[in-house]
Amino acid sequence: MNDWRLFMKKVFTFSWFNLAYAIATLFLVVFLIVPIIRLFTGSFTMVFGSSEPLPAGFFSYLLRVTGNTLNMALMTTVIAVLIAVPLGFLIAKLQVPGAAVFLGALSVPLITPAFISSFATIILLGNSGVITMFFELFGIHLPSIYGLRGLVITQVLHAMPYALLLVITGLKTVPRHLEEASISLGNSALKTQFSIVLPYIAPHILMAALMVFLTSMGDVGGPLIIGGSYQVISTEIYNNFITYMGDERIPIIFGAWTLILSFLMLFIVSRLMKLTDVKHRFRIGQMTYDRPRARRLALVTLIVVSFIFLAPYIAIVIQSFGTIWAYDWLPKEFTTNNYVKALSDILPIRNTIILLLTVTPILIILSVIFAHMFKNRKMMRWVNYFTLMPFTIPGVIIAVSLLESYAGVSLGRRDLIASIYILIIAISIRRLPFVLKIIEAGFSKIDDSQQEAAFSLGATEVKAFFSVILPQLKPAISMAVIIGMIKVVTELSSSLMLNPPGWRTMSLYIAYFVEEGFISRAAAMGIVLIVIVGIGTAISNNMKERNQ
Amino acid sequence: MMKRFTLIALFTACAMSMFAAGAQEVAPTAADAGHGETELVVYSTIFAEYAEAMKEGFEALHPGVTVNVLNPGGTEAMFKKLESEAANPQADVVHAGSMINYQHAIEMGLLEPYAPQAPGFKSSIAVGDSRLDLSHPEDYYHVWSLMFTGIMYNQQVLDRYNLPVPRTYKDLANPVYKDQIISANPLKSSTASSNVVAMLQIYGNEAPAIWEGINENLPYYSGSSSRIYTLVSKGEFALAIGLSRPALVAMNEGYPVGFVFPADGSQVYDNSMALVKNAKHPNLAKEFIDYILSDEMQLKGSEYLYIPVKQGVMDPSLPVSLESVTADMGTIYAPDPALAEANRDLIQDTFGEYIRTKGTK
């Protein structure tokens with residue numbers, strides 16, 4: 001009761017933060033919650049009012065697909081985290097030469113659109129793949145890539161770098177004095193990592209696991225291309241939604257079921273994170289170790305892992321310079337034509353850069369406001385559950401819900417649904433959870449007592465935010481900018497539906513040419529996309545270093 | 001100070017980009033003679049280069065007019081978008097996709113009739129021994145190009161596994177092709193459902209037994225119809241149940257593939273187009289439909305292997321002409337929407353079950 005009174009008092013006292021909270025929450029309500037609820041409630045009559053029985057064995061099918069989805073997401077999460085955590089330690093703690101280069105190289109899978117990665121996996125491990133052919137030389141027949149195996153490989157390729165970046169961000173927050181104290185008490189460096197550092201970054205690891213799990217659950221592109229007959233919730237929703245002969249009740253039932261599942265998961269994870277929430281008042285730099293032998297071993301490990309993770313992308317580079325590549329070690333011929341064609345159409349590149357510069361700041365600002373609200377207004381934490389919706393609801397459904405809800409809104413010269421603004425809104429909504437979770441992890445490490453000290457010295461809430469909170473958030477924000485940029489340029493399913501006249505992006509260009517079977521041209525544009533995001537990331541890193 | 005600067009820079013970047021984005025919105029240009037419409041929006045899933053040719057050609061004929069061709073990512077997605085925008089349609093013309101899709105759009109009230117004025121366009125033509133209606137009886141849609149259902153094969157994969165080239169749909173039920181055939185999901189793809197209906201036309205009550213045999217040979221049903229051609233071209237699978245044009249495109253590209261028009265019968269598959277109900281630019285939309293049916297665009301389409309529906313626009317001896325393509329084909333079946341509708345529940349139940357239980361037995 002007291003909480004509620006306090007909350008009401010806070011709400012009705014004017015502050016710039018309340019205004020920011022209201023605007024951000026309104027954005028989410030207007031462009032996500034209302035359209036999705038409208039879409040779902042509009043279908044309730046169809047689901048509950050139908051006299052037709054659901055297909056025979058529907059509920060065992062629902063359970064099987066759910067089991068498949070959880071199994072795939074769990075396998076992907078365990079493998080990705082098991083690779084990312086030790087790798088993060090090697091990069092952050094052992095002063096490995098060229099660590100930034102390895103980190104950059106390992107981020108490549110993250111930048112590549114999912115369907116290009118799936119094709120890259122097929123080039124190597126498909127029925128006619130290069131590695132499959134190699135093993136066949138020795139009479140070894142690799143099992144088919146189409147199914148759970150291929151899905152997990154592709155998703156780990158994509159998700160591991162993401163988890164790695166989160167783990168490294170976590171490692172940067174570990175106070176040096178803790179490790180120094182442990183070492184001075186006679187503990188070995190290895191024991192210190194296990195007993196001090198690992199528990200300290202547990203919220204980041206949990207966050208990484210949650211992000212990988214939810215990304216895996218919501219992935220449509222991978223299962224569509226490489227999933228074979230392994231049915232998962234995301235594709236069952238997608239296939240039954242975009243259909244003219246399927247059962248329209250299925251995506252609604254599956255969609256509602258997915259929401260329940262993801263709410264349940266967030267609930268469990270937020271409880272787990274509370275258990276691991278450790279804060280320290282002093283933070284003096286990051287502890288690294290000068291161990292030449294361990295460094296050499298780390299270097300070899302990084303080279304091997306980077307090669308394994310980059311192999312499919314090396315195949316994509318080869319493909320981008322090739323003509324046709326079918327059942328052979330290399331493409332039939334080599335050419336630069338694919339790049340000439342990709343670069344001759346400058347519009348998708350320009351559009352992508354404009355979207356990058358528009359949506360990324362929106363994502364960062366919204367995420368900081370939401371994370372601040374969740375930390376300071378406990379009664380508003382319910383909003384957090386809704387920010388997760390875009391993780392598990394396919395982009396095409398979000399796009400259709402926006403089209404149906406705002407078909408009648410005009411901006412004067414053009415209708416909202418035919419303008420670039422709808423695309424900016426949709427991508428911001430879809431990519432919000434990825435950026436928000438990183439900023440939230442950043443907030444979880446902020447020392448509250450410093451803010452309280454600022455208040456006691458007479459600082460306003462705004463002043464305390466800029467002078468105490470924001471500086472501590474910097475590592476998380478710079479990571480969020482990188483992830484935000486990557487997620488903006490790789491967004492596809494909403495963009496396909498909402499793409500306004502004259503706004504074809506690089507991601508759409510790639511999708512059209514993959515659909516037409518012109519994989520080499522798509523690969524060339526994919527490489528250009530990686531280069532653009534790489535430059536963006538380098539600029540962001542450079543600015544960060546200058547600031548420091 | 002630095003922090004403030006960073007924040008201000010962030011807001012400025014955001015605001016500038018929003019402004020730049022807004023400024024990029026396509027502005028109406030000089031009015032077109034007569035009706036004052038200056039913009040045309042076409043939803044089409046057609047090959048991107050042909051879409052570009054279509055746009056450039058129409059703009060050249062109508063100075064001051066901007067044509068925007070949008071592809072929402074597949075025929076079914078295109079009609080879903082059209083349906084979602086029904087309260088305020090953004091498209092003027094919907095282009096590509098077969099009459100099965102258009103029939104459904106008519107039932108949803110998304111289309112408006114228009115009788116084309118293009119010289120030489122006939123509402124019905126002979127295809128083999130069948131007659132094909134190119135226009136809906138009430139002019140809701142019109143067919144502008146043709147393809148045929150059948151079997152794409154990769155010779156390299158067939159040779160590797162010592163498999164014969166199948167000659168009929170029935171051959172696909174042979175267990176030797178286990179895990180070597182790929183098909184799109186017939187509940188999602190009009191390409192796949194046309195093949196399913198073709199088997200119904202050919203075999204009647206025996207068709208479900210053939211579906212069953214083919215289902216046993218399929219490792220999975222693809223969520224995308226266009227991807228099956230890419231997979232067979234690459235050598236991932238030996239056979240795809242699909243359409244002639246994408247297979248012929250892959251063949252022209254140099255892939256070791258071919259296409260079988262099944263000896264037991266092939267169904268004509270059409271690419272249609274229609275005027276959208278309550279279109280914002282109906283006059284330009286009608287002119288565009290006539291333009292697509294003009295001799296010039298029929299010939300242009302043939303460059304991208306779209307078989308023209310107007311006879312006499314090209315030399316019948318050329319490989320893309322309807323005459324050439326149909327010369328050695330077996331029985332040709334016209335699409336039969338009534339038969340498809342009558343068997344809708346059977347197809348939905350049978351393939352729904354196949355797809356739900358795939359990989360579990």
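Me: Where is the place of A:Asn187 in chain A?

Reply: First, the conventions: residues are numbered from 1 along each chain as its sequence is written, and chains are lettered from A and ligands numbered from 1 in the order in which they are written. This is a predicted model, in which local features need pLDDT of at least 70, side-chain atom pairs count only at pLDDT 80 or more, and totals for chains, interfaces and linings use all residues. Helices (H or I, at least four residues) and strands (E, at least two) are DSSP runs, numbered from the N terminus. A:Asn187 sits in the loop between helix 9 (176–184) and helix 10 (189–200) of chain A.

Me: Is A:Asn187 buried, exposed or partly exposed, and which residues does A:Asn187 touch?

Reply: A residue is buried if 20 or more other C-beta atoms lie within 10 Å of its own, exposed if 12 or fewer, and partly exposed in between, with C-beta atoms placed from the backbone. A:Asn187 has 16 other C-beta atoms within 10 Å, so it is partly exposed. Two residues are in contact if their C-beta atoms, placed from the backbone, lie within 7 Å. Leaving out residues up to four places away in sequence, A:Asn187 touches A:Ser182, A:Thr192 and A:Ser195. Its C-alpha atom is separated by 58 Å from that of A:Phe241, 54 residues apart along the chain.

Me: How many helices and strands does chain A have?

Reply: Chain A has 26 helices and zero strands. The radius of gyration is taken over C-alpha atoms, and the globule rule is 2.2 Å times the number of residues to the power 0.38. For the 548 residues of chain A the rule gives 24 Å and the radius of gyration is 24 Å, so chain A is as compact as a globular protein of that length. The C-alpha trace of chain A spans about 70 × 65 × 50 Å along its principal axes, and 53% of the residues of chain A count as buried.

Me: Which residues touch the most other members of the largest nonpolar core?

Reply: A nonpolar core is a set of buried Ala, Val, Leu, Ile, Met, Phe, Trp, Tyr and Cys residues joined through C-beta atoms within 7 Å. The largest has 284 residues, and A:Ala84, A:Ala163, A:Val167 and A:Ala208 touch the most other members. Helix 21 (residues 420–444) of chain A gives the most to this core, with 16 residues. Not counting residues up to four places away in sequence, A:Ala84 touches A:Met160, A:Ala163, A:Leu164, A:Val167 and A:Ala208.

Me: Which strands pair with strand 7 of chain B?

Reply: Two strands pair if DSSP finds at least two bridges between them. Chain B has 14 helices and 14 strands, and in strand 7 (residues 142–154) 13 of 13 residues are buried. Strand 7 of chain B runs antiparallel to strand 12 (residues 266–276) over six bridges, with B:Met147 bridged to B:Tyr269. Strand 10 (residues 239–243) of chain B is joined to strand 7 by five antiparallel bridges, and there B:Ile241 is the partner of B:Ile151. Strand 11 (residues 257–260) of chain B has four bridges to strand 7, also antiparallel. Strand 13 (residues 307–308) of chain B pairs antiparallel with strand 7 over two bridges, where B:Leu146 stands opposite B:Ile307.

Me: How many residues of chain B are in contact with chain A?

Reply: In chain B, 62 residues are in contact with 61 residues of chain A. Helix 1 of chain B gives the most to the side of chain B that touches chain A, with 10 residues. The predictor gives the complex an ipTM of 0.85 and a pTM of 0.87.

Me: Where in chain B is the pLDDT below 50?

Reply: pLDDT is the predictor's confidence in each residue, from 0 to 100. Chain B averages 88, and 90% of the residues score at least 70. The pLDDT is below 50 over residues 1–8 of chain B, a stretch with four contacts beyond near neighbours in sequence. It is also below 50 over residues 22–32 of chain B, where the model has 24 such contacts. Where pLDDT is low, the predicted coordinates should not be read in detail.
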